[in-house]
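Please go through this structure with an eye to its fold, its cores and its contacts.

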Amino acid sequence: MRGSSFGYLLREGARNIYANRLMSLASIGVLIACLLLVGSSILFTLNVNSLVGYVESQNEVVIFLADGAESDLIDDIDRQLQAIENIDDVVFISKEQGLEEWIDSMDNASGLFDGLYSDNILPNSFRVKIKDLSQIDQTIAQIDSMNGVDSVSAPIEVAQTVTSLKQAVNTGGSAMVLLLVIVAAVIIANTIKITVFNRRKEISIMKFVGATDTFIRLPFIVEGFLLGLISAMVAFGLLWGGYTALLSWLTDNTAGWFTMAVEHMVVFKDIALPLFGSFAAAGIGIGTLGSMLFVRKYLKV
Amino acid sequence: MIKFTHVSKKYDNGTMALNDVSLHIDKGEFVFIVGSSGAGKSTLMRLILREDVPTSGKIEVNGCNVGALKRREIPYFRRSLGVVFQDFRLIPNMSVYDNVAFALRVTNVSNKDIRRRVPYILSLVGLQGKARSMPDQISGGEQQRVALARALVNNPSLIIADEPTGNIDPELSYEIVDLLNEINKCGTTIVMVTHEHDLVSQFDHRIVQIEHGQVVADGRIGGHHARK
């Protein structure tokens with residue numbers, strides 16, 4: 001194929017979008033709607049995940065040491081705790097610190113407990129954070145077995161709730177995305193089919209003038225590519241605008257703990273690039289592949 | 001030019017469209033193919049154009065065994081023929097000029113040659129003033145002349161016309177056939193399918209009559225009745 005022919009076919013593909021603008025508009029609309037649906041459900045899943053992650057990071061496990069543990073043993077336990085993979089943020093709270101914190105938390109009644117300064121009933125302790133709550137049982141067992149550890153207080157129930165919530169969100173989110181992708185694929189396939197069907201006459205004319213299959217197909221592929229790209233860009237822009245607007249509305253109109261949750265929502269910019277990448281890939285892939293597949297059907301004249 | 005040797009075509013639904021047809025058309029001939037609808041004329045055309053393959057027998061067009069063509073060879077074979085249909089088959093969203101140029105673009109002709117050749121062909125069919133018009137802005141007769149220009153532009157040695165006058169006014173029909181006649185005088189073989197006997201009788205050309213899938217008469221107007 002000579003260069004001028006190739007250029008002609010590219011131009012022809014672009015021209016066809018305008019020439020069949022109603023159908024192009026329909027295809028772009030369908031593609032945008034599908035990408036928006038899939039994109040929103042991805043955003044939703046990511047956000048719930050991020051919120052659950054935030055809750056997860058707020059956990060605290062307190063390790064009470066046995067009475068009379070010497071500083072050597074305390075250092076040893078500290079080292080062992082640091083060595084555990086699933087533990088973050090190891091903080092040592094001595095008997096005295098612990099008492100002060102406790103008395104401080106009593107506010108006005110703190111005077112009642114002054115006597116405890118001379119006879120401190122609180123043990124030495126460590127406060128640690130668990131990285132992965134689903135592994136909390138094993139980690140606690142590990143700590144419990146250490147020499148010099150008296151008892152461990154951990155938010156086991158919270159851990160279980162968070163873990164199962166996370167699982168549910170992940171499975172539910174993936175299932176939703178998958179379902180939407182399938183629905184989108186079916187709708188898009190039909191739209192492309194109609195587009196090609198509308199122009200079967202044109203295709204048959206091309207065949208009679210002696211056009212090769214490649215020659216007939218190329219403008220359709222260019223067309224599919226461009227339609228996919230346009231849809232991806234529009235869908236991405238809409239999602240960006242919509243999400244940013246929603247986020248700022250939530251920031252302005254929420255109170256209490258929910259504000260904190262909003263602060264931990266995913267920032268669009270962080271996921272913009274991969275999201276646009278997959279949008280473009282999906283749009284272009286569907287457009288190109290779809291045209292290739294369905295034009296083939298009408299090539300057999 | 002065209003040679004049918006004991007060609008039969010049976011469709012999947014059991015219809016015997018052509019039954020042992022042998023036909024020979026020489027280079028430079030002008031042949032009318034007549035017959036009532038359902039007689040097998042369309043099937044004959046479809047076989048020549050390699051839209052379909054015969055159930056049995058052999059078809060040669062331009063020295064090429066049409067039935068044995070590979071799929072990827074078909075486009076190159078079709079470029080050696082010009083085809084005109086009853087329904088014109090112009091691309092509706094392309095101008096007259098582009099419709100004709102299209103046949104050249106398909107065959108990898110350079111832009112320079114396209115710019116030279118298309119206006120020439122359009123003037124040949126008397127449409128030089130309509131190059132920028134769209135197909136729906138011109139009359140049926142003019143549309144058919146565009147289709148004819150498209151068939152001619154590749155300089156084919158054979159033109160197949162399937163009921164080219166079926167969709168246009170009788171007074172314009174004569175013009176179209178006359179145009180084909182002129183083309184024939186330059187050495188191009190013409191095969192025209194029609195059922196308009198009045199039109200056929202105005203020209204002194206070979207007439208092949210097909211009925212029930214068989215050639216029942218073959219000759220000129222003068223000898224036509226004699227052979228029947």
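## Basis

This is a predicted model, in which local features need pLDDT of at least 70, side-chain atom pairs count only at pLDDT 80 or more, and totals for chains, interfaces and linings use all residues. Residues are numbered from 1 along each chain as its sequence is written, while chains are lettered from A and ligands numbered from 1 in the order in which they are written.

## Chain A

Chain A has ten helices and four strands (DSSP runs, H or I of at least four residues for helices, E of at least two for strands, numbered from the N terminus). Along the sequence the order is α-α-β-α-β-α-β-α-β-α-α-α-α-α.

Chain A holds 301 residues, and 27% of them count as buried (20 or more other C-beta atoms within 10 Å of the residue's own, with C-beta atoms placed from the backbone). Take the contacts in chain A between residues at least 6 apart in sequence: 88% join residues at least 24 apart. A contact means C-beta atoms, placed from the backbone, within 7 Å.

## Nonpolar cores

The largest nonpolar core has 104 residues. Such a core is a set of buried Ala, Val, Leu, Ile, Met, Phe, Trp, Tyr and Cys residues joined through C-beta atoms within 7 Å. Leu35(A), Ile33(B), Ile48(B), Val100(B), Ala149(B) and Ile160(B) have the most contacts inside it. Helix α8 of chain A (residues 213–253) gives the most to this core, twelve residues.

Beyond its neighbours within four places in sequence, Ile48(B) touches Ile2(B), Ile59(B), Val61(B) and Ile160(B). Another core, of 16 residues, lies apart; Val61(A), Ile63(A), Leu133(A) and Ala159(A) are among them.

## A helix pair in chain B

Helices α5 (residues 140–152) and α6 (residues 170–185) of chain B pack at about 15 degrees, with axes 10 Å apart (lines fitted to C-alpha atoms over the stretch in contact, angles from 0 to 180 degrees between N-to-C directions). α5(B) is therefore roughly parallel to α6(B) (an angle under 35 degrees).

α5(B) contributes Gly141(B), Gln144(B), Arg145(B), Leu148(B) and Leu152(B), and α6(B) contributes Leu172(B), Glu175(B), Ile176(B), Leu179(B) and Ile183(B). These contact residues divide into six nonpolar, two polar and two charged. Ala, Val, Leu, Ile, Met, Phe, Trp, Tyr, Cys and Pro count as nonpolar, Asp, Glu, Lys and Arg as charged, and the others, Gly among them, as polar.

## Where the chains meet

The contact takes 16 residues from chain A and 17 residues from chain B. On the side of chain A that touches chain B, α1 (3–19) and α7 (200–208) each supply at least two residues. That side divides into ten nonpolar, four polar and two charged residues.

Note on methods: Buried ≥ 20, exposed ≤ 12 C-beta atoms within 10 Å, placed from the backbone. Contact = placed C-beta atoms within 7 Å. Parallel < 35°, antiparallel > 145°, perpendicular 65-115°, else oblique.
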